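I shall ask you to look at the sequence and the model together as I speak.

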Amino acid sequence: MATDTHSAAEAAGPGMPQLDITTFSNQIFWLLIALVVIFFVLSRVALPRIAAILAERQGTITNDIAAAEDLKVKAQEAEAAYEKALADARGEAQRIAGETKAAIQADLDVAIARADAEIAAKAAESEKAITEIRAGAQEAIREVAKDTAKEIVAAMGGKADARSVTAAVTARMKG
């Protein structure tokens with residue numbers, strides 16, 4: 001049976017054609033031609049396209065980086081302008097607040113001066129009224145004192161004239 005298997009293999013052929021030594025030179029020739037064709041196709045068609053795509057990507061990246069730098073500079077300028085505007089606005093707000101405060105203080109000073117004047121006028125009127133009341137009260141006291149002195153002198157049995165009673169009351173009221 002072993003001879004049957006061996007004879008069947010000889011009848012079928014030498015085995016795999018790639019491993020047949022007699023065809024190696026032919027296989028190497030065609031391998032070299034295939035590699036040369038693949039090399040020319042890749043170097044003439046595919047690699048230039050890939051290089052163009054890589055160059056385009058690099059250009060896009062470079063442009064994007066440059067645009068980002070420009071935007072960064074513009075953002076810094078905008079931030080500086082914002083800070084300046086904010087400082088100007090704060091200064092303007094402080095100026096307006098100062099002016100408003102000064103205007104309110106001026107109005108307040110005028111109102112205080114007006115109130116002081118009214119108080120002084122009312123105080124002067126009150127002093128005048130008090131002086132008049134005092135004068136009236138002193139006069140009333142003088143009259144009551146004269147009448148009382150006359151009645152006391154009369155009750156004691158004496159006679160007093162109006163002039164001497166007035167002189168005595170006036171001297172007593174002076175101190």
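**Helix contacts and salt bridges**

Let me begin with a contact between two helices: Gln138, Ile141, Arg142, Ala145, Lys146, Ala149 and Lys150 in H2 meet Ala162, Val165, Thr166, Val169, Thr170 and Met173 in H3. Contact here stands for heavy atoms within 4.5 Å, and the helices (H or I, at least four residues) are DSSP runs, numbered from the N terminus. Sorted by class, the contact of H2 with H3 comprises 7 nonpolar, 3 polar and 3 charged residues. In this scheme Ala, Val, Leu, Ile, Met, Phe, Trp, Tyr, Cys and Pro are nonpolar, Asp, Glu, Lys and Arg are charged, and the others, Gly among them, are polar.

The model is predicted, with local features requiring pLDDT of at least 70 and side-chain atom pairs counting only at pLDDT 80 or more, while totals for chains, interfaces and linings use all residues. Residues are numbered from 1 along each chain as its sequence is written, and side-chain values use heavy atoms, with hydrogens and water left out.

How do H2 and H3 pack? Two packed helices are described by the angle between their axes and the distance between the axes. Helix H3 spans residues 162–174, and H2 packs with H3 at an angle of about 130 degrees, the axes lying 9 Å apart. The axes are lines fitted to C-alpha atoms, for helices over the stretch in contact, and the angles run from 0 to 180 degrees between N-to-C directions. H2 and H3 are therefore oblique to each other; under 35 degrees would count as roughly parallel, over 145 as roughly antiparallel, 65 to 115 as roughly perpendicular, and the rest is oblique. H2 passes H3 in a right-handed crossing, that is, with the near helix turned clockwise from the far one by less than a right angle.

Threonine 148, in helix H2, and valine 165 are 17 residues apart in sequence and 9.8 Å apart in space. Threonine 148 is partly exposed at 38% relative accessible area, and threonine 166 is partly exposed at 26%. The cut-offs are under 20% for buried, over 50% for exposed, and in between for partly exposed (1.4 Å probe, protein chains only).

I turn now to the charged side chains. How many salt bridges does a search of the whole structure find? The search finds 4, a salt bridge being a side-chain nitrogen of Lys or Arg within 4 Å of a carboxyl oxygen of Asp or Glu.

Lysine 84 and aspartate 88 form one of them, at 3.1 Å from N to O. Both lie in helix H2 (residues 24–155), 4 residues apart, about one turn of the helix. Lysine 84 is exposed at 54% relative accessibility, whereas aspartate 88 is partly exposed at 43%.

Arginine 95 bridges to glutamate 99, with the closest N and O atoms 2.3 Å apart. These residues are 4 apart in helix H2, separated by about one helical turn. Arginine 95 is partly exposed at 39%, as is glutamate 99 at 44%. Glu92, Arg95 and Glu99 are linked in a network of salt bridges.

Finally, glutamate 139 and arginine 142 meet in a salt bridge of 3.6 Å, N to O. Both are in helix H2, 3 residues apart, about one turn. Glutamate 139 is partly exposed at 37%, and arginine 142 is partly exposed at 23%. Arg142 also belongs to the H2 residues that meet H3.
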